[in-house]
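Please consult the sequence and the structure as displayed below.

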Amino acid sequence: MLKTLRNAWRIEEIRKRILFTLLILVLVRLGCAIPTPGVNPQYFSAWFASQTGSSFNFFDVMTGGSFMSQSIFALNITPYITSSIIMQLLTIAIPALEEMSKDETGKQRINDITRYLTVVLALIESTAMTIGFGRYGLLNDYTWYNVAVASITMTAGSILLMWFGEKITDKGIGNGISMILTFNILASMPSDIAGLFNTYVIGKPVWQGILATVIIVAAFLALIAFTVQLCGGERRLPIQYSSKIQGRRSFGGQSTNMPIKVNTAGVIPVIFASSLLSLPMMIGSFAGVSTSSTAGKILAFFTTSYWCDPEHPIYSLGLILYVVLIIVFAYFYTSITYNPIEVSKNLTKAGGVIPGIRPGKPTSDYLNHILNYLVFFGAVGLIIIAIIPIILSGVLNLSKMAFTGTSLIIIVGVCIETLNQIESMMRVRNYSGFLND
């Protein structure tokens, strides 16, 4: 792998792309440290410390800590991610958008609509947050002018990050938005690792510290290895294309395969399930519901920081609902992003068949059957990765730990995607790629 890295670095085009990507990511981190004008940076830090739930923890991780510090990138790329998911769902639901997405011009129009929707969402979120928290101490001076300045600044910051992401995609390495999101998540890892070592290693007897270090490192590496297998695993269906005779020559007739990922829905089911469960707690936090009240105890069932707590095992029932939601959303999201009937039609048009399966409805039924059990195994893999950090946090009392299984899935998925892109660029220049070393 080191040899391949050296070979990649020697290629001027790849070297420029890597340096450009790193430059943009450095600018992103610098922007996360610049406070929004008129905002009290300590307000959210104190507000977070007073919250027993973890509804905003993952949101803060996705923003690289800029949400808690209320920097100019407080919203970060979350409005763009939200608008992208909305447009993806609308493309499936609205026939006109679905037809538009089938050609390059239509895809460009959908991308433009996504950008406009990002601006609208960023403006709504920044204005609602500034008005909602401004009167309680978020703003140093709660006036309409300061509300407008803070809202416009946060909106502009989100738009700038969207532009940064597009520039990385065009001139850098990997998908720009995914790279920024991954870099933000990685920024929270040092503090989490330091917290683990301060709790279980520092100040402990030497043998206990060594044992704790070995267990922590082994568990982390095992989780990473499992995540890599889940994100990279696929089922390859054999495809046979019929030959065509033109004159005295025969064309086609080659055999290939059609890969279907085991984790067909990616990290979306975990994000949807987490967002849905965190919604009641977020509403309760805004409404000032006390944790000691009846409503607060009911909301605790939906909060991950209460799950797997040996002192309150009843709240772990919420974990069962979390598991069910992941499975449901895995099937739901796969059903709207992968259409076996459309795949079967495309195979027939290209003269391809699955050996032993007749074209048409039998092929689509076969694909649907394969997809159903792949989705189930993928969902089980997502559940394992998602709940292990939750179990450890509950048993070891690490409820404030920001790094989660969701973060790990995102990081591994983006790394594999980026490595695949570099590998394809290396193959053009007759170099062996990262994944073949």
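Is Cys-32 buried or exposed? Cys-32 counts as buried because its relative accessibility is 7%, where buried means under 20% relative accessible area, exposed over 50% and partly exposed in between, with a 1.4 Å probe and protein chains only.

The model is predicted; local features need pLDDT of at least 70, side-chain atom pairs count only at pLDDT 80 or more, and totals for chains, interfaces and linings use all residues. Residues are numbered from 1 along each chain as its sequence is written, and side-chain values use heavy atoms, with hydrogens and water left out.

**Confidence**

The protein chain averages a pLDDT (the predictor's confidence in each residue, from 0 to 100) of 80, and 86% of the residues score at least 70.

| Element | Mean pLDDT |
|---|---|
| Strand β3 (residues 249–252), lowest | 54 |
| Helix α9 (residues 144–171), highest | 92 |

Over residues 431–435, pLDDT stays under 50. Where pLDDT is low, the predicted coordinates should not be read in detail.

**Cysteines**

The structure holds zero disulfides, a disulfide being a pair of cysteine sulfur atoms within 2.5 Å. Cys-415 is in no disulfide, and the nearest cysteine sulfur, that of Cys-231, is 9.9 Å away. Cys-415 counts as partly exposed, at 40% relative accessibility.

**Nonpolar cores**

A nonpolar core is a set of buried Ala, Val, Leu, Ile, Met, Phe, Trp, Tyr and Cys residues joined through side-chain atoms within 4.5 Å. The largest has 53 residues, and those touching the most other members include Val-28, Trp-307 and Ile-409. Helix α14 (residues 317–337) gives the most to this core, with seven residues. Beyond its neighbours within four places in sequence, Ile-409 is in contact (heavy atoms within 4.5 Å) with residues including Cys-231, Val-270 and Leu-382.

Thr-118 lies in helix α8 (residues 104–138) and is buried, with a relative accessible area of 0%. A polar contact of 2.7 Å joins the side chains of Thr-118 and Ser-83; such a contact is a pair of N or O atoms within 3.5 Å, where within protein one must be able to donate a hydrogen and the other to accept it, and residues adjacent in sequence count only if both atoms are side-chain atoms.

Helix α10 (residues 176–200) is capped at its N-terminal end by Asn-175, a side-chain oxygen of which lies 3.2 Å from the backbone nitrogen of Ile-177.

Terms used
Helices (H or I, at least four residues) and strands (E, at least two) are DSSP runs, numbered from the N terminus.
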